[in-house]
Amino acid sequence: LAQRFSHSAAAPERPSFGIAFDIDGVILRGRSPIGGAPRAIRRLYSEDGTLKIPFLFLTNGGGVPEHRRALELSQLLGVNISPTQVVHGHSPYRELVDRFENDLIVAVGKGEPAVVMSEYGFRKVLSIDKYASYFKDIDPLAPFKTWKVGQKTDSYMSAKVHPSYDVYSERVKGVFVVSDPVDWGRDLQVLCDILSTGGLPGSGKGDQPPLYFAADDLEYQAAFPSERLGMGAFRIALESIFNQINDHPLKYTSYGKPNPLVFKNAASILEKLVMSMYPNSQTSKEVKDCQFSTIYMVGDNPKVDINGASKAGHPWSSVLTRTGVFRGKDNDPQFPADVVVDTVEDAINYILEKEC
Ligand code: G3P
Ligand code: MG
């Protein structure tokens, strides 16, 4: 193995495989590493700490910029992870910047959703926390939310970027659900207001501004023993309510796994990564398309990770772990994986044994 993948060998041969790891339920539960992840991930690096096997994290989660997540994961796993190795559910939002050039947009979710969008290049972005705070009494339940007293809101936006526009007359032109919403009750209310009125709460009915979800996971594995409701559950709640109070259905676009485009994008990131790792490898100069013979998706959610990898087709191959949403003894009946293992460490052992 060392000979085949070492950087120091003359004209090193690039690996013909790559790996995409899901995060929640595979690498982490909450903020704790699981399934021998730190030890196993270290096997993908050389002794000197340089990356040996091209891999990335392909998660439907997010809420912080990719470079921040890379730092967090580096600390948790004890290896050096670069921002290019982190693909969040919301990462494709950066492609939409031109469409919303001078438009006011609202960013929803845990973490710092407005910071994420600002760093992607969106110029007029407010977190839903900040946006809602401009509208007195928009949430009639706010006085009962004692847990919100003294809460730190989107510090970046309030400290550094004061809106130079009038939120009482300027319509919201786009809503981006970046990460799992925190205050579902308030967010459902405010989003129904924005989406039913053409982007201006308190005004009359109007055309729905575009609405985007970073992912559509009904459930995911966090620290609690059983699955937790995800962004897809929030979408169902918003859609049902919106459809009851309007005479036309909610329109929206969802990103994230299992969309095959997410896998296509991950494959091209891995391709660039391996080219930067092996700049002198013979094939790299002529490479345009994906040169991997196999890219493994290691996931815990059959409907999302395994379904996505199988819909994406060649070169994707799926490995299902039992550390998250899936706990079955055999394979998942509806979305069977190519291989089922207990943990991410077993997945890496399996892949390295097969490939090296
Ligand atoms: O909120 C995170 C969740 O929806 C899924 O994360 O890493 O399992 O794709 P992951
Ligand atoms: Mg998962």
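Tutor: Asn301 caps the N-terminal end of helix α10, where a side-chain oxygen of Asn301 lies 3.2 Å from the backbone nitrogen of Lys303. This is a polar contact, that is, a pair of N or O atoms within 3.5 Å; within protein, one atom must be able to donate a hydrogen and the other to accept it, and residues adjacent in sequence count only if both atoms are side-chain atoms. The model is predicted, and local features need pLDDT of at least 70, side-chain atom pairs count only at pLDDT 80 or more, and totals for chains, interfaces and linings use all residues. Residues are numbered from 1 along each chain as its sequence is written, chains are lettered from A and ligands numbered from 1 in the order in which they are written, and side-chain values use heavy atoms, with hydrogens and water left out.

Helix α10 covers residues 302-312, and its buried residues are Pro302, Val304, Asp305, Ile306, Asn307, Gly308 and Ala309. Buried means under 20% relative accessible area, exposed means over 50%, and partly exposed lies in between (1.4 Å probe, protein chains only). The cover over these buried residues includes α9 (260-277), β13 (294-299) and β14 (316-320). Helices (H or I, at least four residues) and strands (E, at least two) are DSSP runs, numbered from the N terminus. After α10 comes Gly313, with a positive phi near 75 degrees.

Helix α4 (residues 113-120) may be set beside it. Six of its eight residues are buried, so α4 is largely enclosed by the rest of the structure. The buried residues are Pro113, Ala114, Val115, Val116, Met117 and Tyr120. Gly121 follows α4, and its phi is positive, near 115 degrees.

These helices belong to a protein chain with eleven helices and 15 strands. Of its 356 residues, 53% count as buried. Among contacts (heavy atoms within 4.5 Å) between residues at least 6 apart in sequence, 68% join residues at least 24 apart.

Elsewhere in the chain, Arg228 lies in strand β11 (residues 228-229), whereas Leu218 is found in the loop between β9 (211-213) and β10 (219-220). Arg228 is partly exposed, with a relative accessible area of 31%, and Leu218 is partly exposed at 41%. Leaving aside residues up to four places away in sequence, Arg228 touches Leu218, Glu219, Tyr220 and Ala222. The side chain of Arg228 also reaches the backbone oxygen of Ser226 at 3.2 Å.

Finally, there is the ligand. The residues around ligand 1, those with a heavy atom within 4 Å of it, are Asp22, Ile23, Asp24, Thr59, Asn60, Gly61, Asp180, Asp217, Tyr220 and Lys257. An oxygen atom of ligand 1 is 2.8 Å from a polar backbone atom of Asp24, and an oxygen atom of the ligand is also 2.8 Å from a polar backbone atom of Asn60. For Lys257, an N or O atom in the side chain is 2.9 Å from an oxygen atom of ligand 1. Taken alone, ligand 1 exposes 310 Å², and the protein buries 96% of that. Such accessible areas come from the Shrake-Rupley method with a 1.4 Å probe; for residues, only the protein chains shown count as cover.
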